[in-house]
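This report concerns a single protein chain and its computed features. Please consult the sequence and the structure shown below while reading.

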Amino acid sequence: MTPYRAPVRHRKSRYNDRQGIFDYILTVLKYVILAVAVLFVISFSQKAYSTGYRIFAESAVDPRGNAKMVTVTVKEGMSTAQIGRLLEKEGVIRDGDVFPYQERLSSYHGKIRPGSYTLSTDMTPQEIIKEMAKSAESGGKDAGAGKK
């Protein structure tokens with residue numbers, strides 16, 4: 001008969017313990033990076049949609065009947081970005097940073113001329129661009145007189 005031998009217990013080496021913790025941390029880190037990337041894509045998509053919507057469908061600052069008339073002077077050499085900031089400062093449009101894109105994508109691209117314009121806060125950006133381009137359409141040097 002063979003004598004009884006107790007089962008041999010293998011000690012875990014410190015390397016295996018450290019490797020397990022490292023693998024766990026690495027897995028958690030991968031999921032955190034994935035979550036941050038997903039949140040970034042969602043945030044970017046929302047901002048892109050919002051900007052696109054404002055370019056093509058932005059409404060007037062004030063509703064009809066509640067509007068104020070504002071006189072704006074466009075000087076020679078002003079860029080559409082400068083005009084947009086001026087219109088935003090005067091309260092005629094909501095976002096001057098979007099105005100250059102609205103002008104670029106309108107049928108009046110490049111037709112805004114220097115002059116004084118009387119604009120209403122119930123005008124949409126498209127109506128403002130059209131009003132500021134009227135002097136170019138008519139061939140005259142005087143700016144439009146504003147909205148009816």
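The sections below treat the model, its fold, its aromatic pairs and its salt bridges.

## Model and confidence

This is a predicted model, in which local features need pLDDT of at least 70 and side-chain atom pairs count only at pLDDT 80 or more, while totals for chains, interfaces and linings use all residues. Residues are numbered from 1 along each chain as its sequence is written, and side-chain values use heavy atoms, with hydrogens and water left out.

The chain averages a pLDDT (the predictor's confidence in each residue, from 0 to 100) of 85, and 84% of the residues score at least 70. Over residues 139-148 pLDDT stays under 50, and the model has 21 contacts beyond four places in sequence for them; a contact means heavy atoms within 4.5 Å. Where pLDDT is low, the predicted coordinates should not be read in detail.

## Fold and surface

The chain holds four helices and two strands, which follow the order α-β-α-α-β-α from the N terminus. Helices (H or I, at least four residues) and strands (E, at least two) are DSSP runs, numbered from the N terminus. Of the contacts in the chain with a separation of 6 or more, 63% are accounted for by residues 24 or more positions apart.

Of the 148 residues, 26% count as buried. Buried means under 20% relative accessible area, exposed over 50%, and partly exposed in between (1.4 Å probe, protein chains only). The accessible surface of the chain comes to about 11100 Å², of which 58% belongs to carbon and sulfur atoms; areas come from the Shrake-Rupley method with a 1.4 Å probe, and for residues only the protein chains shown count as cover.

Rings of Phe, Tyr and Trp (its six-membered ring) pair if their centres lie within 6.5 Å; planes under 30 degrees apart count as stacked, over 60 as edge-to-face and the rest as tilted. The count comes to two aromatic pairs. Phenylalanine 40 and phenylalanine 44 form a stacked pair, 6.5 Å centre to centre with 20 degrees between the planes. Both lie in helix 1 (residues 14-57), four residues apart, about one turn of the helix. Phenylalanine 40 is exposed at 58% relative accessible area, and phenylalanine 44 is exposed at 55%.

Tyrosine 49 and tyrosine 53 are also stacked, at 6.3 Å centre to centre and 25 degrees between the planes. These two tyrosines lie in helix 1 as well, four residues apart. Tyrosine 49 is exposed at 60%, whereas tyrosine 53 is partly exposed at 48%.

## Salt bridges

Four salt bridges are counted, each a side-chain nitrogen of Lys or Arg within 4 Å of a carboxyl oxygen of Asp or Glu. In one of them, the closest N and O atoms of arginine 54 and aspartate 95 are 2.5 Å apart. This pair links distant parts of the chain, 41 residues apart: arginine 54 is in helix 1 and aspartate 95 in the loop between helix 2 and helix 3 (99-104). Arginine 54 is partly exposed at 26%, whereas aspartate 95 is buried at 14%.

Glutamate 127 and arginine 64 form a salt bridge at 3.4 Å. Glutamate 127 lies in helix 4 and arginine 64 in the loop between helix 1 and strand 1 (69-74), so the pair ties together parts 63 residues apart in sequence. Within helix 4, glutamate 131 and lysine 134 are three residues apart and form a salt bridge at 3.3 Å. Glutamate 131 is buried at 5%, and lysine 134 is partly exposed at 36%. Salt bridges that share partners join Arg64, Asp122 and Glu127 into one network.
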